[in-house]
Amino acid sequence: MSTATLLTPSGTSPRSAYEPAGSAARAAQRTYLRNLAVLDTAVLSVAVLAGYLLRFGPTAPSGAEVPYEVVAPGLVLAWLVSLRAMRCYDDRVLGYGAEEYRRVSAASLRLAGGVAIAGYIAEVGVSRGFLAYTFALGTVGLEVARFGARKWLHRARSRGAGWSRKVLVVGDTAHVLELVHTLRREPYAGYQVVGACIPDALLAPVPQRLDDVPVVGSFRGIPEAATAIGADTVAVTASGELTAARLRRLGWQLEGTGVDLVVAPALTDVAGPRIHTRPVAGLPLIHVEAPEFRGARKLVKGLVDRAAAALALALLMPLIAVICLAVKLDSRGPVLFRQVRVGQGGREFGVFKFRTMVVNADALLAELAARNETDGLMFKMRDDPRVTRVGRLLRKWSLDELPQLVNVLLGQMSLVGPRPPLPSEVARYDGDVARRLLVKPGMTGLWQVSGRSDLSWEDGIRLDLYYVENWSLAADLTILWKTVGAVVQGRGAY
């Protein structure tokens, strides 16, 4: 019938195979938006009060012509209006991606500029120090508060309790399944698939499911199917029957229904900055920039890496000395372990780590090969008997990797990049996986902040290749920040 298996739930009717959840989702969405507005108001009120105290202290300024008891609440109200005008409460940008933070910063900066210009024109003597403190604290406070709210929302979504968009997926069965798996890989993004519509030729006279997603109709009744299951988003993926004209008519049919239409192209794992939409003859052509492997930004990345590594080594020297002593006293052997790894362009180098295993660990590997817990080329074992007592602590907190700062300082590694592979792994790479070697390996990366050893081989490679294609200095800073949380929580470390 198709590349997917269609399952029939026993004893169910087409209507009872799913439950509408639109009203509950909208209620949860309204609650989150209301709480976010209250949080923003509280942050801005604290920022204005703190700005006043930092500028004038606990006492009122003597001889002030400006009534700050009026200016303060007025500034909070104007700030909230600016946030609303910049669509900082648009549910399409909340909870995922950087657009929410960009809009919050833009709203704050525009208001600051507007207040400065208005004050100059009207010759109002509002203290510049008060405004500087207030806008600095308020902008940072809003970003931090939004980050905290997002983390709460992510945790709720991962438990299946948070507000998420209810998605009806439309397309061929193979593409529907692919999109479903992609959306479920990151549940915190907030896209919950509640149904699917497939071509008429694939429909059966009995209730069907693609995996556990109910098939609720064909391409002939997409708006009706969305309404029936309470979907607020229709995601269209590839299908030979969905022509441009048919897709355009679907957009017309969804007008005024409150249901969003999104199109998922076959292009995957390409970050936003590399994608540009260019309308040509009425067609929204997607232009994809080539990955950047050299140039000025690469030079800046290398300089930042080396400067940060030198600073980190200087600051962490006392901790490094304590770890050296602990490793030496715990077991026989050298303090440092040097292992050959493959770097950028296939060049081999010696990566430095604190020794966490017994000295004859390599000789014992053959005896443990059958107990490998990964599904790829790496060897990972949760209770590896070769690991020493101190080594387990070092691995849990990723302290064994601190000597790799020397590799970064030497230009062999980067702070952020793909995992440095062994020569034996590289020898078995196919053409796609070998693209990991186009950039320097990193001390941390997407694999580190996404689960480390808990990741499957396929997911680890996918994340590494995504970074290779879409790296940026902003993404590096984000990964470094997330690495701190991953290390503190000890996720996937063994």
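**A walk from a hairpin to the salt bridges**

Strand S10 (residues 336–342) and strand S11 (residues 348–354) run antiparallel, joined by seven bridges. This is a predicted model. At one end of the pairing, look at Val342: its bridge partner in S11 is Glu348. Five residues lie between S10 and S11, and the two strands form a hairpin. Gly345 sits in the turn and has a positive phi of about 75°. In a regular strand, side chains alternate between the two faces of the sheet.

Now step back to the whole chain. The secondary structure comes to 15 helices and 13 strands. The chain has 494 residues, and 43% of them count as buried. Take the contacts with a separation of 6 or more: 72% of them come from residues 24 or more positions apart. The accessible surface of the chain is about 26200 Å². Carbon and sulfur atoms account for 62% of that surface.

Next, the charged side chains. The count comes to 20 salt bridges. One of them pairs Asp212 with Arg184, at 2.7 Å from N to O. Asp212 lies in the loop between strand S4 (208–210) and strand S5 (213–217), and Arg184 lies in helix H5 (residues 173–185), so the pair ties together parts that are 28 residues apart in sequence. How accessible is Asp212? Its relative accessible area is 44%, so Asp212 is partly exposed. Arg184 also counts as partly exposed, because its relative accessibility is 39%.

A second salt bridge joins the side chains of Asp200 and Arg220, at 3.2 Å from N to O. Asp200 is in the loop between strand S3 (191–197) and S4, while Arg220 is in the loop between S5 and helix H6 (222–229), so this pair links parts 20 residues apart in sequence. Asp200 is partly exposed, with a relative accessible area of 26%. Arg220 reaches 69% relative accessibility and therefore counts as exposed.

Move on to Glu469 and Arg435. These two form a salt bridge, with the closest N and O atoms 2.7 Å apart. Glu469 belongs to helix H14 (residues 457–470), and Arg435 to the loop between helix H12 (423–426) and strand S13 (442–444), so the bridge ties together parts 34 residues apart in sequence. Is Glu469 buried or exposed? Its relative accessible area is 18%, so Glu469 is buried. Arg435 is partly exposed, at 30% relative accessibility.

Finally, turn to Arg436. This residue is in the loop between H12 and S13. Its relative accessibility is 3%, so Arg436 counts as buried. What does Arg436 touch, leaving aside residues up to four places away in sequence? Its contacts are Pro418, Arg419, Pro421, Tyr429, Ile461, Asp464, Leu465 and Val468. Take Asp464 from that list. The side chains of Arg436 and Asp464 make a polar contact at 2.6 Å. Along the chain, Arg436 and Asp464 are 28 residues apart, yet their C-alpha atoms are separated by 6.5 Å.

Terms used. Residues are numbered from 1 along each chain as its sequence is written. This is a predicted model: local features need pLDDT of at least 70, side-chain atom pairs count only at pLDDT 80 or more; totals for chains, interfaces and linings use all residues. Side-chain values use heavy atoms; hydrogens and water are left out. A salt bridge is a side-chain nitrogen of Lys or Arg within 4 Å of a carboxyl oxygen of Asp or Glu. Helices (H or I, at least four residues) and strands (E, at least two) are DSSP runs, numbered from the N terminus. Buried means under 20% relative accessible area, exposed over 50%, partly exposed in between (1.4 Å probe, protein chains only). Contact means heavy atoms within 4.5 Å. Accessible areas come from the Shrake-Rupley method with a 1.4 Å probe; for residues, only the protein chains shown count as cover. Two strands pair if DSSP finds at least two bridges between them. A polar contact is a pair of N or O atoms within 3.5 Å; within protein, one must be able to donate a hydrogen and the other to accept it, and residues adjacent in sequence count only if both atoms are side-chain atoms.
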